[in-house]
Amino acid sequence: MNKGIFFDRDGVLNDNKKHVNKPQDLNLYDGVREALVLANEAGFDIFVVTNQGGIELGHLTHQMLYDIHLRLRELLEGYCVIKDIEYCPDFKRPSKYRKPEAGMLFKLAEKYHIDLGCSWMVGDRDTDITAGIKANCYTAKIGAYDPRATINESQLKDRNMNREVDLEAVVKEIIRQSR
Ligand SMILES: [Mg+2]
């Protein structure tokens, strides 16, 4: 069995200032490459799980999202490997995949033989943490404190305050706690 880290996308890997509806809108936070390299080196498979209700709402198409994720992979090329990206296009439609449901995590776990009990969900919203807990993963919360999360970015002693989001500090703490 493998272990994985499931990263939410917006507000975790890239900034959240506006909706990402085209490749140029995707801007990685400082330190994200370093964070993902560390995760890979520590033996974690890297996944992205993202709600993309904008598809149901008509703000973007599956092809546009494909192009955005191609840019994401290009920005990380030569540094680390994203094993897979799973997205949920539903918004109002009932879905077992849309976070806070854990369907995307279960699907990836089955496909890649991931032991969810030693894996992590990293996100900036309550719904990310809820999905992680439902999947029996450890969880890391970016931004505002969440008492349910295993790790809170805002509480990390070595958090770099010059960074909007310090994913590197989060991944270091995940690795420390996973030993
Ligand atoms: Mg987010």
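## Helix H3

Start with H3, where Leu65, Ile68 and Leu72 are buried (20 or more other C-beta atoms lie within 10 Å of a residue's own, with C-beta atoms placed from the backbone; exposed is 12 or fewer, and partly exposed is in between). They sit on the same side of H3, because they cover an arc of only 60 degrees around the axis, judged by the directions from the helix axis to the C-beta atoms. Turned away from that buried side is a face with the exposed residues Gln63, Tyr66, Leu70, Arg73 and Glu74. The cover over the buried residues of H3 includes helix H2 (54-57) and strand E3 (82-88). Just past H3, Gly78 has a positive phi of about 85 degrees.

A word on what you're looking at: this is a predicted model, where local features need pLDDT of at least 70 and side-chain atom pairs count only at pLDDT 80 or more, while totals for chains, interfaces and linings use all residues. Residues are numbered from 1 along each chain as its sequence is written. Helices (H or I, at least four residues) and strands (E, at least two) are DSSP runs, numbered from the N terminus.

## The sheet

Six strands make an open, parallel sheet, in the order E3-E2-E1-E4-E5-E6; strands pair if DSSP finds at least two bridges between them. E3 and strand E6 (151-152) are the edge strands, each pairing on one side only. Helix H4 (residues 103-112) packs on the sheet and touches strand E1 (3-7), strand E2 (44-51), E3 and E4.

Further along, strand E4 (residues 120-123) and strand E5 (residues 138-141) pair in the parallel sense over four bridges. There, Trp120 stands opposite Tyr138 in E5.

Cys88 lies in strand E3 and counts as buried because it has 21 C-beta neighbours inside 10 Å. Leaving aside neighbours within four places in sequence, its contacts include Asn51, Tyr97 and Met104 (contact: C-beta atoms, placed from the backbone, within 7 Å).

Terms used. Two residues are in contact if their C-beta atoms, placed from the backbone, lie within 7 Å. Axes are lines fitted to C-alpha atoms, for helices over the stretch in contact, and angles run from 0 to 180 degrees between N-to-C directions.
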